[in-house]
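Here's a quick tour for someone meeting this structure for the first time. Have a look at the model below, then go through the notes by topic.

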Amino acid sequence: MEVETWLLLATVAVLAWVYSRYRHSYWSYRGVPSPPTLPFLGHIHKSFFVNRTLWEYNQENYIAFYNASKCGLYEWFTPLLVIWDPELIKNVFVKDFNYFTDQRDFTGLKTGSKRDEMVLEMLSLKNGAEWKSLRAIMTPTFTSGKIKRMFSLVSDKADALVSFSMKQAAENSYVDMKNNFERFTMDTIASCAFGIECNSLIDKNAEFPRKAEIVFKISIQTMLKIALCKIMPRLFKLTGLSINPPETDFFIDVVKQTIADRETGKKRGDFLDLLLEARDQSDNLSSKLVMNDISMVAQCLLFIVGGYETTASLLAFSCFLLAKHEDQQQRLREELRGMVAEHGGITYQGIMEAKLLDACLQETLRLYPPAVILERACTKTYKLPDTDLTLKPGDLVQVPIWSIHHDPRHWPDPEVFIPDRFLPENKGNIQPFTHLPFGVGPRNCIAMRFALLEAKVALSKLLLEAELNAAPGHEEVALETANGLLRPKEGVILVLKQVKK
Ligand code: HEM
């Protein structure tokens, strides 16, 4: 190569490096501490997590910058502010929510494929006025009254879970309860969301769970496709590729067919009925436009995405903790027996009143929150209260849930399972905005009540039937993040013994 060419290349490289340095000075210019960056990548390479998990990386920053109560990161060049001061969380997520209504923008992933367009209709990926309209339509479907109507659907699936697990326990020394809970939540959500009996507990090879596994797993191929789509959107469109795998079409067809059946009058009292009802009762034309057929399919799929792994992990972790803490397990069983004696069985009312049951699940969610971070995108220029720091539209704000849940300043003996923290008489000691498993503010988890009901019914039925013990060699639980969610890495392997009645 000619000397001039070398010089030109070197000049371009230096200019690019200077530009990258300039873009990565956003936080230092604003007085926000930031860990060292890599040119262009910022901190994005940290999210590939080759040798550590997302919350371990968050925890490093949490400790390093604890006193500043915030730190600044970069995803490529996009500034991302990580905050953990409870007062600031309240401001961003609740008080000044108007400035932070959005999630990060995924519209760049419009590939032209019908499959991908449908996925972008999901509530969790919508922003601005569309999110507001859609959330307003969907919120009434998750009220206590509506969820109560699903109690018997959930209860039937929990009975199937317990009898299946006891049968396994009779035939094998150990049972992988994580696996069973995944099948239970899949069956429950399929039944409660759109009335489909997918029988994944009984039939290991059932089409529904098999395809769901492929669709909901964010594989390396998916990550590469997302990267390609972001970097070269036009080229991506030309390839005719879609980000979501072909198996997505199976779910689209199933939901479409179910909607068609409902339009002809078959009602089941599930979420799909409620969504159709909510749409039809709405006299607001724009709501009707927002909730079109594609959107309806997308929301049903979202229920599976949002409700399958999260609730299964909550149940698996709670069983693991109760297996390790026999005293708490016995105490909870006593409460449940009292509930059955008082209400004549496991009833909605009884479940709602069981204080220790709720406390055990809340403490499990503290120790093992399935979602380890929260995120919002700034939509209007916002000055953080009591600081000189101003965020601009497009900046991202994250909250490291896992680190806050394990902070000894908020939780004495943070690594110890102490359900009593969440009993009504002690709840007042919990600092607001330090327990965030379902998020917080107007954009929190829309299905929190449903998820808790589902977990409470399953756990109650299981504990009344079985004594739980950790299987030899499985006294500790290894953790991993998959699809952005915290979960047990190698299942939760337990010995189940029939309880003496
Ligand atoms: C233990 C179980 C669950 C946990 C821990 C959980 C956690 C979360 C969290 C942390 C968020 C984000 C909230 C925020 O940004 O403030 C969220 C959002 C959401 N969750 Fe859940 N979730 C659970 C179960 C479910 C279930 C069963 C469903 C559906 C049936 C569901 C549907 C959703 C939806 C639709 C959103 C998006 C809300 C929006 O953007 O407006 N989740 N969930």
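Two strands count as paired here if DSSP finds at least two bridges between them. Helices (H or I, at least four residues) and strands (E, at least two) are DSSP runs, numbered from the N terminus. Bear in mind that this is a predicted model: local features need pLDDT of at least 70, side-chain atom pairs count only at pLDDT 80 or more, and totals for chains, interfaces and linings use all residues. Residues are numbered from 1 along each chain as its sequence is written, and side-chain values use heavy atoms, with hydrogens and water left out.

**The three-stranded sheet**

- Another open sheet has the order β3-β11-β8, and its pairing is antiparallel.
- β3 (175–176) and β8 (466–470) each have a single partner strand, so one side of each is left without a neighbour in the sheet.
- Five bridges tie β8 to β11 (493–498), and Asn469 is partnered with Val495 in β11.
- Helix α22 packs on this sheet, touching β8 and β11, and its direction makes about 95° with that of β8.

**The ligand and its iron**

- Which protein atom is the donor to the iron atom of the ligand? The single one is SG of Cys445, 2.4 Å away (donors are N, O and S atoms within 2.8 Å of the metal, or 3.2 Å for Na, K and Ca; water is not among the atoms, so sites may look incomplete).
- Cys445 lies in the loop between α21 (401–405) and α22 (448–465).
- There are 28 residues around the ligand, a residue being near if one of its heavy atoms lies within 4 Å.
- The largest share of that shell, four residues, comes from α16.

How values were computed:
Contact means heavy atoms within 4.5 Å. Axes are lines fitted to C-alpha atoms, for helices over the stretch in contact, and angles run from 0 to 180 degrees between N-to-C directions.
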